[in-house]
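Here's a quick tour of the model, going from the overall fold down to a single residue. Have a look at the structure first.

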Amino acid sequence: MHVLNGDATLTLFRQSDIPGEIVVCREMMCEGKVICTNDMAAFFETRAKHLEQYYGIDRQTYFANVVKELEKLKTAGEYNEIVLWFEFDLFCQINLLFILHYLRTQVIRLPKISLVSIENHPEVADFRGLGLLMPYHFPALLQERVYLEEADMQLAAHAWEAYCKGDPPELETISQHATAHLSYLGPALIAHLQRLPALDNGLNAIQSYFLRKLSLSSLRWYDLYAQFWDDMKIYGFGDFQLDLYIQRMRSAGIIEQQDVMLSITSLGREVLNNEENYTDYISLQHRWLGGLQLMDNPWRWDDEGKHVVKVEQ
């Protein structure tokens, strides 16, 4: 059984003629609310309600396209091996933690679990994901897969629990103790923590990146996205997530848009210069990072010290 992270890889993988059942993970567990439970029915119900209400993702579509596909994992015990195909970025790594959680809690007898996880490829100059490869690349990658051991499974379980409980200090600790087979988890968790409001101006790393670029000149949104994908590959975000960031920053009044052009506002410059705080201009009531609700959240990212800090409310 092969588990692919997203449909971008599906056609290419099928053309590679590698045998086996294919399951596509169409989730984005790095975005929005998750709860800490082994009850998958309750988990998906809570998630579907949240995604429908705050991300505009139709509940029925979510269950048909995402949950039904993931339920194929319940048959994993019938296979000799499960091969997980996940990249290095935050998007993939959080989905990987979820898949391992699902397998560990929903399958009674797990077969061997192996992992194909890369951050570059010698034949792809600007590698961003497996979807950029050619079908003939996949068999060679399969030969290089690594088999997950008990230490890897324990680390993944620990990280998923901390993510679902919204525990930034624990995630920071885990990021410093990644196992050899989960070598990309540490950097991905740090990237996740950098999505907390910054200590000095309330901007997270992505919002700060956008404002800094727009402070130099106005940009077409697709040019801004292209620069983001070049400079911030660690996130692995697509148009959908970046559109959300732009919409929220526009609502806060720190950027403005005319047709395809994005520009920084005077308020945006004040925030960027630490004269105003971004969190004073947005609603965080329904904003979640995993199990952490951002409203009344005491945790901040200290960019100077490169660690999370707790502030008094």
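## Ground rules

A contact here means heavy atoms within 4.5 Å. Among contacts in the protein between residues at least 6 apart in sequence, 66% join residues at least 24 apart.

This is a predicted model, where local features need pLDDT of at least 70, side-chain atom pairs count only at pLDDT 80 or more, and totals for chains, interfaces and linings use all residues. Residues are numbered from 1 along each chain as its sequence is written, and side-chain values use heavy atoms, with hydrogens and water left out.

## The whole protein

The protein has 12 helices and 13 strands (DSSP runs numbered from the N terminus: H or I of at least four residues for helices, E of at least two for strands). Its radius of gyration is 20 Å, close to the 20 Å that the globule rule gives for 313 residues, so the protein is as compact as a globular protein of that length. That radius is taken over C-alpha atoms, and the rule is 2.2 Å times the number of residues to the power 0.38. Along the principal axes, the C-alpha atoms fill a box of roughly 60 × 40 × 40 Å.

Buried residues make up 52% of the 313, where buried means under 20% relative accessible area (1.4 Å probe, protein chains only). The protein exposes about 14,400 Å², with carbon and sulfur atoms supplying 47% of it; areas come from the Shrake-Rupley method with a 1.4 Å probe.

## Strand β4

What about strand β4 (residues 81-85)? 5 of its 5 residues are buried, so β4 is largely enclosed by the rest of the structure. In a regular strand, side chains alternate between the two faces of the sheet. Here both faces are covered: Glu81, Val83 and Trp85 sit on one side, Ile82 and Leu84 on the other, and all are buried.

β4 runs parallel to strand β1 (residues 2-5), joined by 3 bridges (strands pair if DSSP finds at least two bridges between them). It also runs parallel to strand β5 (residues 112-116), with 5 bridges. From β4 the chain crosses through helix α4 (residues 90-106) to β5, a right-handed β-α-β crossover: with the strands pointing away from the viewer, the path from the first strand over the helix to the second runs clockwise. In β5, Val116 is the bridge partner of Trp85.

## Zooming in on His2

His2 belongs to strand β1, and its bridge partner in β4 is Val83. His2 is buried, with a relative accessible area of 5%.

The His2 side chain reaches the backbone oxygen of Pro19 at 3.0 Å. Not counting residues up to four places away in sequence, His2 touches residues including Phe13, Pro19, Val83, Trp85 and Leu142.

Terms used
Buried < 20%, exposed > 50% of the residue type's maximum accessible area, 1.4 Å probe, protein only. Polar contact = N/O pair within 3.5 Å; in protein donor to acceptor, adjacent residues only side chain to side chain.
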